[in-house]
Amino acid sequence: MPVSERRRKRRGFLTPALWIPAGLALALLGLPLVALVVRAPWSQLPELLAQPTVVSALVLSLTTGLASTAISLVLGIPLALVLARSAEWRAVPRRLLRALVTVPLVLPPVVGGVALLLLLGRRGLLGQFLPFQLPFTTAAVVIAQVFVAMPFLVLAVEGALRASDRRFETAAATLGASRFTIFRRITLPLVAPGVAAGALLCFCRALGEFGATITFAGSFPGVTQTLPIATYLQLQTDPDAAIALSLVLMIISAVALISLRDRWVPGVTA
Amino acid sequence: MTRVLAVLVGAGLLAGCSAQPAQEQEDGTLSGTVTVFAAASLTDTFGAIADAFEREHPGVAVALNFGGSSALATQIVEGAPADVFAAASESTMTPVADAALVDGDPTVFVTNTLEIAVPAGNPAGVTGLSDFANPALSIAICAAEVPCGAASATVFDGAGIVPAPDTLEQDVKAVLTKVELGEVDAGLVYRTDVLAAGPEVDGIAFPEASTALGKYPIAQLAASTNQDAAAAFIAYVLSPAGKKVLDDAGFGTP
């Protein structure tokens, strides 16, 4: 007994039997990206990336990605709070709420795009009352991205909220802090790492958004044609250019994830 | 989805057939599976042709894979196991032929012409190609990178019209979806798409369309593991029975 306990302490539970599937998983996730990097037309890269359509798609992707992340933060953190507190609710509304937040994660994005058209399109449930046409505008790109990416933020923040110690909030309340002060001074700082991680995931997902965007917002250079859409179109005629564009997307996401995650998420700092 | 089911059912029937007495196989009948990669615009027609072909050759199952022609060409060049490739343009067949993956020469088996698609009842009163230059209308056309977009560009160039599209879609079905939902006043699609779309979409033929006739080539692939059945499938597509299915769907004869 003491021997096995010591061994478990030293090696954790990572037996060779776990290393093999873990290695396979890593290969499955990593090797396609390696292939992309190997096949990339490195010598033509600067020329390919300087094309006006590429530059405008990159600028559009970054601005819409940031905008949708900002909106997701403003709307998603309160939703995460509601979701975290829903543990005290009855089963039916609690499960319904959780399903509503999670469905966009599993819905094929193209279906999400059609759903957005049916709601906000010219003949949509709400869209028919709008004084302007929302599809084919940059605003529509942002809406599609928020629809697809916000659940990542909500679930990340909700996880952090559930794991946080509510006694601090209680203590602040007994000391006379108002509810909003507690939210601003206690709750939010406590879950800041979760918020940062969620915002980052949300941004990266928004950056890669394709299906809902092209269905709801369409594709027009400089207005709605984001980097993934430009990549898809390039793939039709110029696979090298498409690979170059994929690399840009990959590098932006990788840089964001590597540079920020370690700093923000406790426990994973090297 | 129906097609996938049909293929599965076909495979099930095939499994049933293989248990039958061997005399069926001995008189030179075809067997096995023919994998056909076909342009998305052939979805309905090739589905019907495959069903008829399977009825004629009970030992053969046709597995259909539909997609954008360029994407299919890429998959074939990257080694996807296909026996037959039917593309929506000669240019998308080229990379496959250039990679020496085609057995013989591709045959152009149908043509397709562009048609204006408008929501049922034509609410914006679109009359012809010149309406595509009206910035007040909501317009969808294919991106220049995909075959329908290249054909659209040829038509606009020939007519001296500079279109004012609100969106450049990634394929012709995406244009059609936007028309069906009434999100655009007009879209430029193929005649076959208008016929397949049903009552939500009206078609308007226009004379300039003859300047960009879409040519669909079909080819047997060199890497095919079922050469006889692949050749038989192509022969069936080119036969009067196959032609009729394609004619009825709005395709033209080359």
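In the predicted model, helix H6 of chain B comprises 13 residues, 147-159, and at 1.5 Å a residue these should span 18 Å; the C-alpha atoms at its ends are 19 Å apart, which agrees with that expectation. Several residues of H6(B) are buried, namely B:Pro147, B:Cys148, B:Gly149, B:Ala150, B:Ala151 and B:Ser152, together with B:Val155 and B:Phe156. Just after H6(B), a positive phi of about 70° is adopted by B:Gly160.

The contact between the two chains draws 18 residues from chain A and 15 residues from chain B. On the side of chain A that touches chain B, the most is given by helix H12 of chain A (residues 227-237), which supplies five residues. Grouped by class, this side of chain A holds eight nonpolar and eight polar residues, along with two charged residues.

A residue of chain A that reaches across to chain B is A:Phe136, whose contacts, not counting residues up to four places away in sequence, include B:Asp166 and B:Thr167. A:Phe136 is placed in the loop that lies between helix H6 (109-120) and helix H7 (138-163) of chain A. Although located in a loop, A:Phe136 counts as buried, because it has 24 C-beta neighbours inside 10 Å, where 20 or more are required. A:Phe136 and A:Thr213, which are 77 residues apart in sequence, lie 9.5 Å apart in space, as taken from C-alpha to C-alpha.

Note on methods
Residues are numbered from 1 along each chain as its sequence is written. Chains are lettered from A and ligands numbered from 1 in the order in which they are written. This is a predicted model: local features need pLDDT of at least 70, side-chain atom pairs count only at pLDDT 80 or more; totals for chains, interfaces and linings use all residues. Helices (H or I, at least four residues) and strands (E, at least two) are DSSP runs, numbered from the N terminus. The expected span of a helix is 1.5 Å times one less than its number of residues. A residue is buried if 20 or more other C-beta atoms lie within 10 Å of its own, exposed if 12 or fewer, and partly exposed in between; C-beta atoms are placed from the backbone. Two residues are in contact if their C-beta atoms, placed from the backbone, lie within 7 Å. Ala, Val, Leu, Ile, Met, Phe, Trp, Tyr, Cys and Pro count as nonpolar, Asp, Glu, Lys and Arg as charged, and the others, Gly among them, as polar.
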